[in-house]
Amino acid sequence: MGDQKRHKILMVSDFFYPNFGGVENHIYYLSQCLLKLSHKVVVLTHAYGNRSGVRYMTGGLKVYYIPWKPFLMQNTLPTFYGTLPIMRTILIREKITLVHGHQAFSTLCHEALMHARTMGYKVVFTDHSLYGFADVGSIHMNKVLQFTLADVSQAICVSHTSKENTVLRLGLPPEKVFVIPNAVDTAMFRPAPEKLSQDEIVIVVISRLVYRKGADLLVEVIPEVCHLFPNDLVRFIVGGDGPKRMRLEEMREKNSLHDLVEMLGVVPHARVQSVLISGHIFLNSSLTEAFCIAILEAASCGLLTVSTRVGGVPEVLPNDMIVLAEPDPSDMVRAITKAISILPKIDPQVMHLRMKKLYSWHDVAKRTEIVYDRALGCPN
């Protein structure tokens, strides 16, 4: 690749490894694929515990863990100009040509985009979440975003629903906003070598146990499904932790479901595949979702998905790989019943091969590269 086409990109977000989540995975895999396309990529995030300073990751990915401590939900304290000296030093030292911020929640992302535009750099913003319009938190966040993204070169959303939401909230011109979905590492998420026996149906849930992820729905759905299918026909494996875990523990205790509901707690990302391949159905109960990477990981492992019909979820998988339900306990029970009835038709290996063709991080990187070219061509 000629030097005139080689971008020098600074990825900025409060959310990066060793923290785990959709945004963290997206930044890491996108950076790795951009490095393979001969671009220079540097990541900027805040310090995590003792992890401070410069670190190198796979493929020579350089990460700056600046000495700012998180104060709420892995976010740094907003300082507006406190981060300007260190960001200016990094931008000049690394000869950056373009700044790419991730996630509307990230304070560091907002400050980086603001400082980069002040210094004349082109900026790209990726929105990974959906927001409302009416509650106090959303109104405040939308005003902050309108301020920091007033001069953004290009924006990326992970689904068409997310694009519509972003354009309406931020007043961005639709032609400036691109839709590039997330992807999945199909080499890591492989199905079990042999098809599981269906004498006992195992339903897997891997999620943060918080309100937004529909943990309260699970409390009502799980006992209903267990009573609907007696003789231990259905068993649940729940991975994840959060403030709503206590409610699930109480539900298990109240309904005497210790044998049928296994609580795993926090599941490290390296172990997610081994948990997924022990099940037949993946259950996602999110109340809002721009794009659910967990669904992709489950489908890549050959699991049939049952999910709430919210946000960008209906765009993620073909109709024969997912059963959708309204975020209502009775409708979700109906969807699980339907999924169990069509399980015999599901071939995990065929599903895995389809996912391999549908979603690829290399494809995401090539499409992002086009957005970078557009951003650099934007007039100041």
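The exercises below, each with a worked solution, concern a predicted model.

Local features are taken where pLDDT is at least 70, side-chain atom pairs count only at pLDDT 80 or more, and totals for chains, interfaces and linings use all residues. Residues are numbered from 1 along each chain as its sequence is written, and side-chain values use heavy atoms, with hydrogens and water left out.

**Exercise 1. Strand β12**

Determine how β12 is covered and which strands it pairs with.

Solution.
- Helices (H or I, at least four residues) and strands (E, at least two) are DSSP runs, numbered from the N terminus. Strand β12 covers residues 234-239.
- Buried means under 20% relative accessible area, exposed over 50%, and partly exposed in between (1.4 Å probe, protein chains only). Six of the six residues of β12 are buried.
- Val234, Phe236 and Val238 point one way, while Arg235, Ile237 and Gly239 point the other way. Both sets are buried.
- Two strands pair if DSSP finds at least two bridges between them. β12 runs parallel to β11 (residues 201-206), with six bridges, and Ile203 has Phe236 as its bridge partner.
- The chain passes from β11 through helix α6 (residues 215-228) to β12 in a right-handed β-α-β crossover. Right-handed means that, with the strands pointing away from the viewer, the path from the first strand over the helix to the second runs clockwise.
- β13 (residues 261-265) is also parallel to β12, through four bridges. Here Ile237 stands opposite Glu262.
- With helix α7 (residues 245-254) between them, β12 and β13 form a right-handed β-α-β unit.

**Exercise 2. Ser286**

Is Ser286 buried or exposed, and which residues does Ser286 contact?

Solution.
- Ser286 sits in the loop between β14 (281-284) and α9 (293-300).
- Its relative accessible area is 0%, so Ser286 is buried.
- A polar contact is a pair of N or O atoms within 3.5 Å; within protein, one must be able to donate a hydrogen and the other to accept it, and residues adjacent in sequence count only if both atoms are side-chain atoms. The side chains of Ser286 and Glu289 make one of 2.6 Å.
- Contact means heavy atoms within 4.5 Å. Leaving aside neighbours within four places in sequence, Ser286 is in contact with Arg212, Lys213, Gly214, Thr308 and Val310.

**Exercise 3. Backbone geometry**

Find the backbone values of Pro18, Gln103 and Ser256, and place each residue.

Solution.
- Most residues other than glycine have a negative phi, and most peptide bonds are trans.
- The peptide bond from Tyr17 to Pro18 is cis, with omega near 10°. Pro18 belongs to the loop between β1 (8-12) and α1 (22-36).
- Gln103 has a positive phi, near 80°. This residue is in the loop between β7 (98-102) and α3 (107-118), and Gln103 counts as buried because its relative accessibility is 6%.
- Ser256 also has a positive phi, near 55°. Ser256 is placed in the loop between α7 and β13; at 60% relative accessibility, Ser256 counts as exposed.

**Exercise 4. Lys338**

Where is Lys338, and how far in space is Lys338 from Asn231?

Solution.
- Lys338 is part of helix α10 (residues 329-342).
- With a relative accessible area of 45%, Lys338 is partly exposed.
- From C-alpha to C-alpha, Lys338 and Asn231 are 19 Å apart, and 107 residues separate them in sequence.
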